[in-house]
Amino acid sequence: MKRTLIALMVLGLAACGDDTPKPASKPAALPSQAAAPTPAPTPAPEVKAEPPKPDPNKELAARVKRVLEGEAKIQAAGIDVTASDGKVTLWGTTTTNAERRRAEGAAKKVEGVTAIDNQIKVVKGS
């Protein structure tokens with residue numbers, strides 16, 4: 001009876017062991033199959049991403065905004081600028097009609113401006 005119990009314990013412990021199969025070993029190369037030198041892989045040509053192209057409309061609007069900010073008699077903080085194919089639109093508010101006209105005149109002088117759509121509103125106290 002003791003022997004049977006010991007045999008069962010040994011089998012139980014053996015069943016708990018690591019039974020993952022070992023990878024098969026590669027057969028050794030025969031001398032007639034000597035490894036030929038493999039050519040170095042040809043590097044793939046590098047594809048360089050093109051830098052994003054600047055938006056000419058945004059650039060024109062930014063140039064007009066800088067000109068407005070450079071004018072002493074124009075409160076450029078209250079004026080927004082958009083552009084589309086040379087047509088510049090001025091948005092926002094000014095305190096006087098003269099300031100509104102000055103903003104339009106300054107925008108017309110910027111290179112690339114073909115037309116002005118002056119949507120600036122005159123608001124007292126703005």
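How many of the protein's residues count as buried? Of its 126 residues, 19% do. Buried means under 20% relative accessible area, exposed means over 50%, and partly exposed lies in between, with a 1.4 Å probe and protein chains only. This is a predicted model, in which local features need pLDDT of at least 70 and side-chain atom pairs count only at pLDDT 80 or more, while totals for chains, interfaces and linings use all residues. Residues are numbered from 1 along each chain as its sequence is written, and side-chain values use heavy atoms, with hydrogens and water left out.

Start with the overall plan. The protein has three helices and three strands. From the N terminus, their order is α-α-β-β-α-β. Helices (H or I, at least four residues) and strands (E, at least two) are DSSP runs, numbered from the N terminus. The protein exposes about 10400 Å². Carbon and sulfur atoms supply 60% of that area. Accessible areas come from the Shrake-Rupley method with a 1.4 Å probe; for residues, only the protein chains shown count as cover. Contact means heavy atoms within 4.5 Å. Among contacts between residues at least 6 apart in sequence, 61% join residues at least 24 apart.

Now the sheet. Three strands form an open sheet in the order β1-β2-β3. Its pairing is mixed. β1 and β3 (115-122) stand at the edges, each with a single partner strand, so one side of each has no neighbour in the sheet. From one strand to the next, the twist averages 10°. Two strands pair if DSSP finds at least two bridges between them. β1 and β2 (residues 87-94) are antiparallel and share six bridges. β2 and β3 run parallel, joined by eight bridges.

Look next at β1, residues 79-84. Ile79, Val81 and Ala83 make up its covered face. Asp80, Thr82 and Ser84 make up the uncovered one. Across in β2, valine 81 finds leucine 90 opposite. Alanine 83 stands opposite valine 88. Threonine 82 has threonine 89 as its bridge partner.

Threonine 89 lies in strand β2. Is this residue buried or exposed? Threonine 89 counts as buried, because its relative accessibility is 10%. Leaving out residues up to four places away in sequence, threonine 89 touches Asp80, Val81, Thr82, Asp117 and Gln119.

Between β1 and β2 comes a hairpin with two residues between the strands. Aspartate 85 is found in this loop. Its phi is near 55°, a positive value in a residue other than glycine. Most residues other than glycine have a negative phi. Aspartate 85 is exposed, with a relative accessible area of 69%.

Helices come next. Helix α2 (residues 56-70) lies across β1 and β2. Its direction is at about 150° to that of β1. Helix α3 (residues 97-108) packs on the sheet and touches β1, β2 and β3. The direction of α3 makes about 160° with that of β3. Axes are lines fitted to C-alpha atoms, for helices over the stretch in contact, and angles run from 0 to 180 degrees between N-to-C directions.

Which residues touch the most other members of the largest nonpolar core? They are Val64, Leu68, Val88 and Leu90, out of 18 residues in that core. Each of α2, β1, β2, α3 and β3 supplies at least two of the core residues. The largest share, four residues, comes from α2. A nonpolar core is a set of buried Ala, Val, Leu, Ile, Met, Phe, Trp, Tyr and Cys residues joined through side-chain atoms within 4.5 Å.

In β3, isoleucine 116 stands opposite valine 88. Not counting residues up to four places away in sequence, valine 88 touches Leu60, Val64, Val81, Thr82, Ala83, Val113, Ala115, Ile116 and Asp117.

Last come the charges. Side chains of opposite charge can pair when their charged atoms come close. A salt bridge is a side-chain nitrogen of Lys or Arg within 4 Å of a carboxyl oxygen of Asp or Glu. By this rule there is one salt bridge. Lysine 108 forms a salt bridge with glutamate 104, and the closest N and O atoms are 3.6 Å apart. Lysine 108 and glutamate 104 are four residues apart in helix α3, so about one helical turn separates them. Lysine 108 is exposed, with a relative accessible area of 51%.
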